[in-house]
Amino acid sequence: MKRLIKKIIEPIFKKLFFKYYSKSRKYTYKGISVNIHPEVFPPHFTISTKILLDFLEGKDLKDKTLLELGCGSGIISLFCASKRAEVTASDINNIALKNLKEASIANGLPIEVIHSNLFDTISKTHFDYIIINPPYYPKTPKNIKEQAWFCGENFEYFERLFKQLATEINFENIFMILSEDCNVLKIKNIALVNKLQLSCVLEKSVFLEKNFIYKINNSPL
């Protein structure tokens, strides 16, 4: 029944969604505000951002180094900076990074902002926390905006992500959110090939969608 309801309302929701985001919108969380450009992944109705924000609220981040890999709007980075973490935010979308720099100044929350495709131009190899809200729909993105949604026909995003994590990064706490709408098993298998495993630490249903936050660890195999 849930799948049927989603199938019926999804086209209507998509039409309203894209109309709403045809112009810049303001997003505010805990008194922190960012302007969301139409070319940037929007946090308003895309459940994953709010779930991650609520998850991080319970973490003691004071004096911790934290990387938001693929920051989009940057609201997660700004919130973590408000919790006195030493935050680095990366993305491949220059519009997103420009808006985040402006929001960082406007909110008085210092953040290091880096243009990077995954870890390609991030020089640090260790962070206390890494937060990832990845693209997971299997389709080749046509532009920068679509790279926030699509991971490639053959999940190329995850192939590169897990390879870099396994070979280049010294990590402790990496948390990544996925939806039941994506091929979680396929993503887990790519991680295992790179001797990593995904352990679910939070499951949350909002409206008609179930989301999971996974902690990425080295595989014991």
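This is a predicted model: local features need pLDDT of at least 70, side-chain atom pairs count only at pLDDT 80 or more; totals for chains, interfaces and linings use all residues.

User: OK, and which residues of α4 are buried?

Analyst: Those are A96, L97, N99, L100, A103 and S104. Looking down the axis of α4, they fall within an arc of 165°, so they line one face of the helix.

User: Why would residues a few places apart point the same way?

Analyst: An α-helix has 3.6 residues a turn, so residues three or four places apart end up pointing the same way.

User: What covers the buried residues of α4?

Analyst: The cover includes β2, α3, β4 and β5 (112-115).

User: And what span should α4 have, going by its residues?

Analyst: With 14 residues at 1.5 Å a residue, α4 should span 20 Å, and its end C-alpha atoms are 20 Å apart, which agrees.

User: Switching to the core. How many residues are in the largest nonpolar one?

Analyst: It has 34 residues, and L66, I75, I76, L78, C80 and I111 have the most contacts inside it. Several elements supply at least two residues each, including β1 (25-29), α2 (48-57), α4 (94-107) and β7 (170-179).

User: Which element gives the largest share?

Analyst: That's α3, with 6 residues of this core.

User: What does I76 touch?

Analyst: Not counting residues up to four places away in sequence, I76 touches T49, L52, L53, L56, E68 and I131. There's also another core lying apart from the largest one, with 32 residues, among them L67, F127, I132 and F158.

User: New topic: E146. Where is it?

Analyst: E146 sits in the loop between β6 (126-132) and α5 (156-168).

User: Is E146 buried or exposed, and what's the nearest side chain of opposite charge?

Analyst: E146 is buried, yet it has no salt bridge. The nearest side chain of opposite charge is K139, 4.8 Å away, and a salt bridge needs the charged atoms within 4 Å. Leaving aside neighbours within four places in sequence, E146 is in contact with T140 and P141.

User: Last one, L202. Which strand is that in?

Analyst: L202 is in β8, residues 196-206. Its relative accessible area is 29%, so L202 counts as partly exposed.

User: And what does L202 touch?

Analyst: Setting aside residues up to four places away in sequence, L202 touches I51, F55, N211, F212 and I213. I213 is 11 residues from L202 along the chain, with their C-alpha atoms separated by 5.1 Å.

Methods:
Residues are numbered from 1 along each chain as its sequence is written. Side-chain values use heavy atoms; hydrogens and water are left out. Helices (H or I, at least four residues) and strands (E, at least two) are DSSP runs, numbered from the N terminus. Buried means under 20% relative accessible area, exposed over 50%, partly exposed in between (1.4 Å probe, protein chains only). Lys and Arg count as positive and Asp and Glu as negative; His and the chain ends are not counted. Contact means heavy atoms within 4.5 Å. A nonpolar core is a set of buried Ala, Val, Leu, Ile, Met, Phe, Trp, Tyr and Cys residues joined through side-chain atoms within 4.5 Å. The expected span of a helix is 1.5 Å times one less than its number of residues. The arc is that of the directions from the helix axis to the C-beta atoms.
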